[in-house]
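Visitor: I'm new to reading protein models. Could you walk me through this one?

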Amino acid sequence: MNFQACLLKIFSIFLFFYNPVDSGALQLSNNNIEMTLASNELVIINFYADWCRFSNLLQPIFDEAADKVKETFPETGKVVFAKVNCDVETSIATKYHITKYPTLKVLRNGEVTKKEYRGQRSADAFVEYVKKQLEDPIKEFASLKDLENLDDKKRIIIGYFDRRDQDEYQLFRRVATNLKEDCQFHVGFGDVVLQMHPPGHPIVVFRPDVALSHENDETYQGSYTNMEEMNKWVLQKCVPLVREITFENAEEFTEEGLPFLILFYRPGDTDTIKDYKAVVENELLPEKSNINFLVADGDRFAHPLHHLGKSQSDLPLIAIDSFRHMYLFPNFKDMYTPGKLKEFLQDLYSGKLHREFHYGPDESKNKEEEAPHHHQQVEHHKKGTQPPESTFKKLGPSKQRYTILSPRDEL
C-alpha cells in the first residue's frame, strides 16, 4: 500500500468513528456499543424507532439532555447519553429485550440496572437524575461506634479497608455503584477499622434488615479481585426473596411479568413479616422464577383489600394477584401449616383457583365440609360474577407512554 492510500484509509477510519457534530446523544451500533459501555461509569440509552410518534417526541428532549449532561459532567468516562435505532440495530434491541418504544435503559459499569428511567421527560429532569446517579454510593464512617446507629430496616454492606487507593476498594466501589439502590454501603479505612481485619486483608460484611429478617451478619468469602464474583454475592444479599411493594416501585414489579403472592400486614407487625419470609424461604424458594413474593402495608394498600371484600381490621392476610384477578388465601393461619401456601400457588398454576371460584370445590374434596362454600361459589357463577379484578396491574406502565412493538400501533 502506497503512502497516499495509507493516509486515505486512516482518514476514512477517522471519519467513521468521529462525529463532527459533537452534540446530542451518541448513536450506538455494533461497532461502538461495547467500547462505550466498557469505558463509562454511567450510560443511559434511548431505544427508539423512527416510526414511533412517542420516540419522535422524546428525541429532541433526549438530545438536549445529552448536551446539558456533557456540559455539567465533562469528565471523560463518567456519563454518556446514547441512542439505538432498533429498526437498524435489531441485534442490540434483541439483546436488551426491548419490548416497547421508547425504552430508556440505565447501565452502570456495563451492567443493566433493574430500573429503567421512568422520571419526567425533560432535559432538566434528566440532568438531576444523572446528578443523583453519580453521587458517591458509599458513606465513610469515622468511628466503629457510627455503625451502631445505622438504619436497621435497611440491608447494609460494610467494607473494612487499609486505604482508599487500593485495588480491592476500587472494585468494591464499582459493585456499590451498581447496587446502591438495593443496599446501603458503608466503609472505613486505616486505623479506624484496624481491629476489624488483618492488615492487607480487606473484609466485606453483609448486615441484614434485622427489624424484618431472621438472617445473621455474613462475611464475604470470595475474591476481592473478581468483580463478577463479588457483584453476584452482594446482589444475592441485597435483593431479598421477599420484597416490599410501594406505589413508587409497583411499576417495576409489574414489568417483571410474574404474579404476586402478597402478605398484607398491619403497620408495625414485624413478627408476621418475619414469619412470612421464613415460610417463603424454607418452602417456596423453587418458585422464585414463577412468582414475586411481596409484602404490602395494609393501610397504604387498602384499595386491593376492599376488592377482596376485606378491610384493615382483617389483617394480616395473604392474596395472589395474577394480573387478571385476585385470589384470597382462605385462612391466614394455614400459612404455618407446611405445604399449605405451596398448594395455594399450585392451585393458581393449574387454574384451580379460577375454576373453583366459578364452579365450587373439586369433587374430590369433602362434600359435607365444603357444602356451604360450594353453594356460595355456585351462586356466584349463576349470577355471572368474576373473581375480584387485579388492582396492581393498574399500577403498571401507562399505556399512553409507550408504543408496543407488535402491532405497530400507537396507544
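Visitor: How are α6 and α7 oriented to each other?

Guide: This is a predicted model, where local features need pLDDT of at least 70, side-chain atom pairs count only at 80 or more, and totals for chains, interfaces and linings use all residues. Residues are numbered from 1 along each chain as its sequence is written, and side-chain values use heavy atoms, leaving out hydrogens and water. Helix α6 (residues 167-179) and helix α7 (residues 227-238) pack at about 45°, with axes 10 Å apart. Under 35 degrees counts as roughly parallel, over 145 as roughly antiparallel, 65 to 115 as roughly perpendicular and the rest as oblique, so α6 and α7 are oblique.

Visitor: Which kinds of residues make up the contact of α6 with α7?

Guide: Contact means heavy atoms within 4.5 Å. Among the residues involved are Leu171 and Phe172 of α6, and Met227 and Met230 of α7. Ala, Val, Leu, Ile, Met, Phe, Trp, Tyr, Cys and Pro count as nonpolar, Asp, Glu, Lys and Arg as charged, and the others, Gly among them, as polar. The tally is eight nonpolar, two polar and one charged.

Visitor: What kind of pair do the rings of Tyr169 and Phe189 form?

Guide: Rings of Phe, Tyr and Trp (its six-membered ring) pair if their centres lie within 6.5 Å; planes under 30 degrees apart are stacked, over 60 edge-to-face and the rest tilted. Tyr169 and Phe189 have ring centres 5.0 Å apart and planes at 80°, so the pair is edge-to-face.

Visitor: Where in the chain do Tyr169 and Phe189 sit?

Guide: The pair links distant parts of the chain, 20 residues apart. Tyr169 is in helix α6, and Phe189 is in strand β9 (residues 184-189).

Methods:
Axes fitted to C-alpha atoms, helices over the stretch in contact; angles between N-to-C directions. Helix = DSSP H or I, 4+ residues; strand = E, 2+ residues; numbered from the N terminus.
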